[in-house]
Amino acid sequence: MAWALKLPLADEVIESGLVQDFDASLSGIGQELGAGAYSMSDVLALPIFKQEESNLPPDENKILPFQYVLCAATSPAVKLHDETLTYLNQGQSYEIRMLDNRKMGRLPEITGKMVKSIVRVVFHDRRLQYTEHQQLEGWRWNRPGDRILDLDIPMSVGIIDPRANPTQLNTVEFLWDPSTRTSVFIQVHCISTEFTMRKHGGEKGVPFRIQIDTFKENEGGDYTEHLHSASCQIKVFKPKGADRKQKTDREKMEKRAPQEKEKYQPSYETTILTECSPWPEVSYVNNSPTPAFNSTHNSFPVADGNGSPSHQLEPVVQGTDNLLPTATPQETQQWLLRNRFSSFSRLFTNFSGADLLKLTREDVIQICGPADGIRLFNMLKGRLVRPRLTVYVCQESQHAQGQQQKQENGHVVGSTFYVYHALYLEDLTVVELTEKIARLFSISLRQIGHIYKQGPTGIHVLVSNEMIQNFLDESCFILDTMKAAGSNESYHIILK
């Protein structure tokens, strides 16, 4: 029993000593790092960084060539020795400062030259990293035409030749000069809860990572020689959601006891990306042509089925032809381009004509959204817009010939056959009706004076816009002509 009573006392002494050690080692961490007074050397000199550096092997205790600073506050609800976590709002522009941290004489080969940085948003969880391709394809299917990561070009400073590959929704790249001030502004358009397994409301979103890999130019002019990589952990919320989450974490920490607070990191105004291994997909860093970045999500050139951005479909004249079931995937791509569906051609890369025609209305709307989905479905089914008014007209001369074939001495001599032509009107105006009649009978507009409608007792009523708007749909008229007074070439049209 005496031994059992002494154990708590020993624990209390040990805990008191640990608290004192923590107080000594964490002094100065709580001070805020404002944007104006920000200094990388001050941050790296903090006791917590020195403690971590002292535990590293001697060959890793080095000054990194670059530092990347994300201008977004870290969460206060992260334990001391855990990695920082930063909350971002969906679609909001965030600055990343690209800082040259080289010592004098270090890496002289890049002095006065450009380096290439590739920014990625990737999964933090190993399980999702293994299925990244399937996860991103599923997101592309649900959000056609959107990107996961974008650059805010107008806000960025010092970046050159920004590019975004349409096949890499989560990746952007650019060149920059380490000797000049460089800041890149990024926008993340996916949210963490979009990749949760079960979605019943209230689930925790999966964490992402922002990773930056920097390369220098080799002898062949390709940026393939790796210099430095760093990353940080983030979570993305719907607009304003990150601010609410940050406030909630801060209020929770304020309610904790002082001893509990000491186990957590303070919240800093900026997030320092920590060194990491380069992203394994280094083959993407090759110098194959990549379409130039454009701030409009859907404006990238459309690649063909081999997935290479350098091979593009030849633009063809727009048309409204019907898609045949026998169309090959290549012909289907051309049909999509002709009919202004280029933003969805990547989604239907391997679709033949038969594959597209098998899609239901609900399928197309789910893939393309309501507006473009309905338009694409109507095009696939060959549905034409019904005109506002259809009238049928026949020339008086043809009608007279038919009358002669009626009856002779009480017997039918020939079958009565009148040829009518359809006129489709959209504007329901006299000008439109005049143009349609002139085009039908291949005459000049100057040859048509006025259009009259034969009324009761044979009177001629001048046709107006209001009269045309009151025509019954599919009305039939016999066209007769009457020479205009004072003109040998102009005729009036009479609708009987």
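1. A cavity here is a set of points, on a 1 Å grid over the protein atoms alone, where a 1.4 Å probe fits but cannot get out. The volume is the space filled by probe spheres set on those points, which are joined across faces, edges and corners. Searching the whole structure turns up 3 cavities of 30 Å³ or more.

2. A word on the model: it is predicted, with local features needing pLDDT of at least 70 and side-chain atom pairs pLDDT 80 or more, while totals for chains, interfaces and linings use all residues. Residues are numbered from 1 along each chain as its sequence is written, and side-chain values use heavy atoms, without hydrogens and water.

3. Now the lining, meaning residues with an atom within 4 Å of a point. Among the residues lining the second largest cavity are Val 121, Glu 132, Asn 170 and Phe 208. Strand 4 gives the largest share of this lining, 3 residues. Strands are DSSP runs of E, at least two residues, numbered from the N terminus.

4. Over to His 492, which sits in strand 20 (residues 491–495). His 492 counts as buried because its relative accessibility is 12%, buried being under 20% relative accessible area with a 1.4 Å probe, protein chains only.

5. What does His 492 touch, leaving aside its neighbours within four places in sequence? Its contacts (heavy atoms within 4.5 Å) are Gly 449, His 450, Tyr 452, Asp 480, Thr 481, Met 482 and Ala 484. The His 492 side chain also reaches the backbone nitrogen of His 450 at 3.0 Å.

Definitions and conventions
Helices (H or I, at least four residues) and strands (E, at least two) are DSSP runs, numbered from the N terminus. Buried means under 20% relative accessible area, exposed over 50%, partly exposed in between (1.4 Å probe, protein chains only). A polar contact is a pair of N or O atoms within 3.5 Å; within protein, one must be able to donate a hydrogen and the other to accept it, and residues adjacent in sequence count only if both atoms are side-chain atoms. On a 1 Å grid over the protein atoms alone, a cavity is a set of points where a 1.4 Å probe fits but cannot get out, and a pocket is an open set with protein on both sides within 12 Å along at least five of seven lines; lining residues have an atom within 4 Å of a point.
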